[in-house]
Amino acid sequence: MKRCLSLLAATGLLLGATACSVNPVTGERQLTLMSADQELAIGAENYQPSQQSQGGRYVVDPELGLYVSQVMDKLAAVSDRPGLPYEIVVLNNGVPNAWALPGGKMAINRGLLVELDDEAQLASVLGHEIVHAAARHSASQQTRTVLLQAGMLAAGVAASKSDSDYAGLAMGAVGVGAMAWQAKYSRSHELESDRYGIQYMVEAGYDPQAAVELQQTFVRLSEGRQSSWLDGLFASHPPSQERVNANKALAEQYSGGVRNKAAFDRAMAQLRRDQPAYEQYQQAQKAASEKQYDRALTLVEQAIDHQPKENLFWELKGQLLMQKKQPGEAIAAFDRSIAANPEFFRPLVYRGLLHKQQNNTRQARADLEQSRKLLPTQLGSYHLGELAQQRGDREAAIGYYREVASGGGDLGEAAQSKLSQLGVQAGS
């Protein structure tokens, strides 16, 4: 009870210090426990882990990322916080989604881009996300979470945490809150982002009717219950006929603007040409999940034939060859994946594990340490602990095992066992 009262007292002090913060977009007062400087720091800290845990950057056609950034710049320039360090990347992820971290760091998945028709619809997506950042919605939502947790503690209710992975990969991130700032926004935040996002579109010269079309598309797809959509954009930005109607009423207040379809089509040409290969990749993933490894390998090789620059295709081939007990061929596939995108953590982990199995300890350690710089994972850290233990570096091994133990799960228990063997406790 004393702990609960202390937390409530501390929360009260924080509220007293920040209760007069003003929403930079609406001009209305709002509760925010986070300063503007903290927003920037949190966004910068979480940006790379968020990218890594969701597929990494799309690198096959770098020009597409430059184009998306240029569209974002037009909207950021007319936002209510033009001084934020806005930045956006295209993620190599087939799930239709877009998000904004505190401080203006944003991303859009290739899976959402292929659902758009023109630049005006892209501007609608980006304008919406810019409002989330400019209006400090993540900070406001986090404040509500803190207050709710404080209330739960005061009532004596215990909260629990659940872990999630990316695409079924049991390689969870350690010590990073990569998804913490992409929680479901409130209904008022969504409507606010729609409203002011349309204003930003208009000020940047775009046709606001695109925002209506976009919401109509989202509603139609949600009614079709496509699982990838429900797991992506709809999880944090739920569509509704209410939003369609609100956007339509707002759009009618403005005259038309540009659509820039030709520029959008040029920028999207490579991704659209490669879409059949990405569909084969998804089919291969499904076949692999059903342990149809030969079929999965055939499908991913067809995808590679279509687009040999795609690192995810080579990575999946390496994983399949691992399952088929062909380590040499698997390493060669991971080599190609890493060469295509050296800044993605996952194939480095897999290649490191294979080198470790083959007693190539120096290369194994190099791969696992490089993967850890990109995204710390339980799997990578556990095997780094074993490598450290093998070479007699007890302190390094303990550090890795403690990190893994803090993540829980099966690997966490295995790390606890290792720590016991070394005569230490995980938390000591």
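Colleague: On what terms is the predicted model read, and from which number are residues counted along each chain?
Modeller: This is a predicted model in which local features need pLDDT of at least 70 and side-chain atom pairs count only at pLDDT 80 or more, while totals for chains, interfaces and linings use all residues. Side-chain values use heavy atoms, with hydrogens and water left out, and residues are numbered along each chain, as its sequence is written, from 1.

Colleague: In what order do the three strands of the open sheet lie?
Modeller: Helices (H or I, at least four residues) and strands (E, at least two) are DSSP runs numbered from the N terminus, and two strands pair if DSSP finds at least two bridges between them. The edge strands, each pairing on one side only, are β1 (87-91) and β2 (98-100). The pairing is mixed, and the three strands form an open sheet in the order β1-β3-β2.

Colleague: How many bridges join β1 to β3, and how many join β2 to β3?
Modeller: Strand β3 covers residues 105-109 and runs parallel to β1, with K105 of β3 as the bridge partner of E87. Strand β2, in contrast, runs antiparallel to β3. The residue A107 in β3 stands opposite V89 and also opposite W99. The counts are five bridges for β1 with β3 and three bridges for β2 with β3.

Colleague: Which residue in the hairpin of β2 and β3 takes a positive phi?
Modeller: This hairpin has four residues between the strands. The residue that takes a positive phi, near 90°, is G103.

Colleague: Are the residues of β3 buried or exposed?
Modeller: Buried means under 20% relative accessible area, exposed means over 50%, and partly exposed lies in between, using a 1.4 Å probe and protein chains only. In a regular strand the side chains alternate between the two faces of the sheet. In β3, K105, A107 and N109 point one way and M106 and I108 the other way. Five of the five residues fall under the cut-off, so β3 is largely enclosed by the rest of the structure, and its residues are buried.

Colleague: Which helix packs on the sheet, and what angle does its direction make with that of β1?
Modeller: Contact means heavy atoms within 4.5 Å, while axes are lines fitted to C-alpha atoms, for helices over the stretch in contact, with angles running from 0 to 180 degrees between N-to-C directions. The helix touches β1, β2 and β3. It is α2 (residues 36-52), and the angle is about 10°.

Colleague: What volume does the largest cavity have?
Modeller: On a 1 Å grid over the protein atoms alone, a cavity is a set of points where a 1.4 Å probe fits but cannot get out, and lining residues have an atom within 4 Å of a point. Grid points are joined across faces, edges and corners, and a volume is the space filled by probe spheres set on the points. The largest cavity is lined by 20 residues, of which S124, H128, D194, L214 and Q215 lie nearest its centre. The volume of the largest cavity is about 170 Å³.

Colleague: Why does H355 count as buried?
Modeller: H355 is found in helix α16 (residues 346-357). Leaving aside neighbours within four places in sequence, H355 is in contact with I331, N360, Q363, A364 and D367. H355 counts as buried because its relative accessibility is 11%.

Colleague: What relative accessible area does K325 have?
Modeller: K325 lies in the loop between α14 (311-323) and α15 (327-340). Phi of K325 is near 60°, a positive value in a residue other than glycine. K325 is exposed, with a relative accessible area of 71%.

Definitions and conventions:
1 Å grid on protein atoms, 1.4 Å probe; cavity = no way out; pocket = protein on both sides within 12 Å on 5 of 7 lines; lining within 4 Å.
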